[in-house]
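This report describes side-chain packing and charge pairing in a single protein model. The sequence and structure are shown first, and the description follows.

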Amino acid sequence: MAQFSTLSLYDDPRHKYLLLGWEEQEEEGVVQTNQYMILHEDEVILVDPGGAHVFPRVLANVAEKVNISHIRNIFYSHQDPDVSSGITLWLSLAENAKVHISGLWVRFLPHFGVYDQKRIAAIPDQGGSLSLRDGTRLELIPSHFLHSTGQFSLYDPVSKILFSGDIGAAIFPPGKRYPVVEDFDAHSKLMEGFHKRYMASNTACRKWVDIVSSREISAIAPQHGAVMKGDSVRRFFDWFRELRCGVDLLDSFYGGHALRPTGRRAG
């Protein structure tokens, strides 16, 4: 399934959760990204709506479903440009929207052209919640060092969907994209290389799994790759909890330049 406009992940009369499509053409050297939208009554939340590169497509898919003026909250899991470099474009159109991002990255937003701090809600390291007008609260769960030093997952208690940011990302071979995981064993091979390099350590992986697995989760929605539903959720938690990655594999990233004792003391 190479291209689609939107895909419904959850739908009831008051609450919807949508995956906002992909580019029609795959571009060499450009990592595939997922953007999501939560519609709660007439209130819209954008979830990692992406960089300037994908803005026209994402805007068209959002505008097809809702009035842009109904966008009240924009959640960014972390600071990477494929997540957030479209921020000024969204803020210029969604005039009532507030941005939620780790407090660690607020001071970097002027480099994306954001100078009005009144529209930024800095998320503290310990997390918190994103409150909707009817009292519904979306949970902001710390995911630090997975991979960003200031990263958060977003748990929606209505749909029971966990947006995981870069956690659960997969890199598809050319022409092999699909939106939902059907074969976890095959899919895990597409996740392995990314996670081993980008995730900081098994300690960070275990901490996150211990936190999020206490929630009732129907699906994991990552920023890259495919949505994991049903039994794939449990299998991903088991896989990620045991993953050795990042500093656990440090020597392997240095090739022939791994540190070795020299027999001399510095100084």
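## Terms and basis

A residue is called buried when its relative accessible area is under 20%, exposed when that area is over 50%, and partly exposed in between, with a 1.4 Å probe and protein chains only. Helices (H or I, at least four residues) and strands (E, at least two) are DSSP runs, numbered from the N terminus.

The model is predicted, and local features need pLDDT of at least 70, side-chain atom pairs count only at pLDDT 80 or more, while totals for chains, interfaces and linings use all residues. Residues are numbered from 1 along each chain as its sequence is written, and side-chain values use heavy atoms, with hydrogens and water left out.

## The buried side of helix α6

In α6, the buried residues are S232, V233, F236, F237, W239 and F240. They lie on the same side of α6, because they cover an arc of only 165° around the axis, the arc being that of the directions from the helix axis to the C-beta atoms. Their cover includes α4 (184–198), α5 (202–212), β12 (219–222) and β13 (228–229); contact here means heavy atoms within 4.5 Å.

Two of these residues, F236 and F240, both belong to helix α6 (residues 231–241) and are 4 residues apart, about one turn of the helix. An α-helix has 3.6 residues a turn, so residues three or four places apart point the same way. The relative accessible area is 0% for F236, which is therefore buried, and F240 is likewise buried at 0%.

## Aromatic pairs

Rings of Phe, Tyr and Trp (its six-membered ring) are paired if their centres lie within 6.5 Å; planes under 30 degrees apart count as stacked, over 60 as edge-to-face and the rest as tilted. The structure holds 13 aromatic pairs. In one of them, the ring centres of Y17 and Y36 are 6.1 Å apart and the planes stand at 65°, so this pair is edge-to-face. Because Y17 lies in strand β2 (residues 15–19) and Y36 in strand β3 (residues 36–40), the pair ties together parts that are 19 residues apart in sequence. Both Y17 and Y36 are buried.

The pair of F236 and F240 is stacked, with 5.4 Å centre to centre and 15° between the planes. These two rings belong to one aromatic cluster made up of W208, F236, F237, W239 and F240. A ring also meets a charge elsewhere: the charged end of R197 sits over the ring of F253, 4.6 Å from its centre. A charge sits over a ring if NZ of Lys or CZ of Arg is within 6 Å of the ring centre and within 35 degrees of the ring normal.

## Nonpolar cores

A nonpolar core is a set of buried Ala, Val, Leu, Ile, Met, Phe, Trp, Tyr and Cys residues joined through side-chain atoms within 4.5 Å. The largest has 30 residues, of which L146, M199, W208, I217, F236, F237 and F240 touch the most other members. Helices α4, α5 and α6 each supply at least two residues of this core. Apart from it lies another core of 28 residues, among them V44, L46, I71 and I101.

Leaving aside residues up to four places away in sequence, L146 touches Q151, D166, I167, M199, A200, A204, C205, W208 and F240.

## Salt bridges

Side chains of opposite charge can pair when their charged atoms come close. A salt bridge is counted when a side-chain nitrogen of Lys or Arg is within 4 Å of a carboxyl oxygen of Asp or Glu, and the count comes to 13. D11 and K16 form one of them, at 2.6 Å from N to O; K16 is partly exposed at 27% relative accessibility.

Two further bridges lie within helices. E192 and K196 meet at 2.9 Å, N to O, and are 4 residues apart in helix α4, separated by about one helical turn. E192 is partly exposed at 34%, as is K196 at 30%. In D231 and R234, the closest N and O atoms are 3.0 Å apart; these residues are 3 residues apart in helix α6, again about one helical turn. D231 is partly exposed, with a relative accessible area of 46%, and R234 is partly exposed at 45%.

## The loop between β1 and β2

P13 is placed in the loop between β1 (7–11) and β2 and counts as exposed, because its relative accessibility is 85%. Its C-alpha atom is separated by 7.9 Å from that of E41, 28 residues apart along the chain. E41 is also linked with R14 and D134 in a network of salt bridges.
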